[in-house]
Amino acid sequence: MILTAHRVELASHLETAKGRGLLVGLVPTMGFLHEGHLSLVDLAKERSDYVAVSVFVNPLQFGPDEDLDRYPRDLERDLSLLRDRGADLVFSPALGEMYPAGSPQITVDPGPLAKKLCGAYRPGHFGGVLTVVARLFGLVRPKTAVFGQKDYQQAALIRRMVRDLEMGVEILLGPIVRESDGLAMSSRNVLLSEEERSDAVGLSAGLTRVQAAFQSGVRDPAGLRKILAEELSRYPLLDLQYGEVVDPETLEQVGEAYPGCVVALAAHCGRTRLIDNHILTS
Ligand code: AMP
């Protein structure tokens, strides 16, 4: 596995791979990898010939009061996991290599989709995400890029950016990988205290209850939201920020829930903000 922190070196390795006719798949990450990330590497390996993984904690997508400083990092561990999983190349640039001119002057405006759900509470976040993803697409020029359903809104925005800007990258979505008790894997889970970790299960428990209610015939989004909030209120350390039932493409709240709708939520668990979602099935 090749490790590089430099754009020029990255370009030269990719040129060699592409020259051999290999189709490049990209998995962008912020590191501190877990099985969720690694499942995306597996998917990239299935759907491309040469898997590049980026590991970069992107300051552009953190607000001033957010957890950039607390964000967990362990590149050595990440490299060993990626090596075991068969990644071909890891690009792990320093800040000045990713943004050589300092903060970029030209950034991606994510438009109205970014005002919904998490975007309403994290102004600037999705602009930062799309800017770094656009930059990674420019550096790697992959055929395919793999993202997780865990960050549903992010994936929806990336698909939209690729479509609206004709970026010509195939976007694949990997399912949410969960801990055995249902908590969606996240690099941030390590920030939870023991008590917070045990209450964090309330997020997936809430989504499971909403799915059960939907299956038993509840279609009214207000009713489903109430069930979600009630379930989360059983966990004292959880503070629900939003829980919504939305259209999978537009992310608009739906008038009536239907199979394929997304139930998305964010909650604070102590100081740590967690997100989760579920696509309703009949
Ligand atoms: P991050 O390192 O948090 O920026 O995540 C990098 C990629 O991994 C994103 O596409 C995430 O959606 C995806 N991801 C994060 N957690 C999970 C999970 N539990 N299951 C599947 N994919 C995930």
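The questions and answers below take up those topics in turn.

Analyst: This is a predicted model: local features need pLDDT of at least 70, side-chain atom pairs count only at pLDDT 80 or more, and totals for chains, interfaces and linings use all residues. Residues are numbered from 1 along each chain as its sequence is written, and side-chain values use heavy atoms, with hydrogens and water left out.

User: At what angle do helix α1 and helix α5 pack?

Analyst: Helices here are DSSP runs (H or I, at least four residues), numbered from the N terminus. Axes are lines fitted to C-alpha atoms over the stretch in contact, and angles run from 0 to 180 degrees between N-to-C directions. Helix α1 spans residues 7-19, helix α5 spans residues 125-140, and their axes are 9 Å apart. The angle is about 55°.

User: Which class does that put α1 in relative to α5?

Analyst: Under 35 degrees counts as roughly parallel, over 145 as roughly antiparallel, 65 to 115 as roughly perpendicular and the rest as oblique. The angle is about 55°, so α1 is to α5 oblique.

User: What kind of aromatic pair do Phe56 and Tyr99 form?

Analyst: Rings of Phe, Tyr and Trp (its six-membered ring) pair if their centres lie within 6.5 Å; planes under 30 degrees apart are stacked, over 60 edge-to-face and the rest tilted. Phe56 and Tyr99 are 6.0 Å centre to centre, with 65° between the planes. The pair is edge-to-face.

User: Is Tyr99 buried or exposed?

Analyst: Buried means under 20% relative accessible area, exposed over 50%, partly exposed in between (1.4 Å probe, protein chains only). Tyr99 has a relative accessible area of 7%, so Tyr99 is buried.

User: How far from the ring centre of Phe32 is Arg77?

Analyst: A charge sits over a ring if NZ of Lys or CZ of Arg is within 6 Å of the ring centre and within 35 degrees of the ring normal. Arg77 lies over the face of Phe32. The distance is 5.0 Å.

User: What is phi of Leu251, and is Leu251 buried or exposed?

Analyst: Most residues other than glycine have a negative phi. Phi of Leu251 is positive, near 60°. At 1% relative accessibility, Leu251 is buried.

Terms used:
Helices (H or I, at least four residues) and strands (E, at least two) are DSSP runs, numbered from the N terminus.
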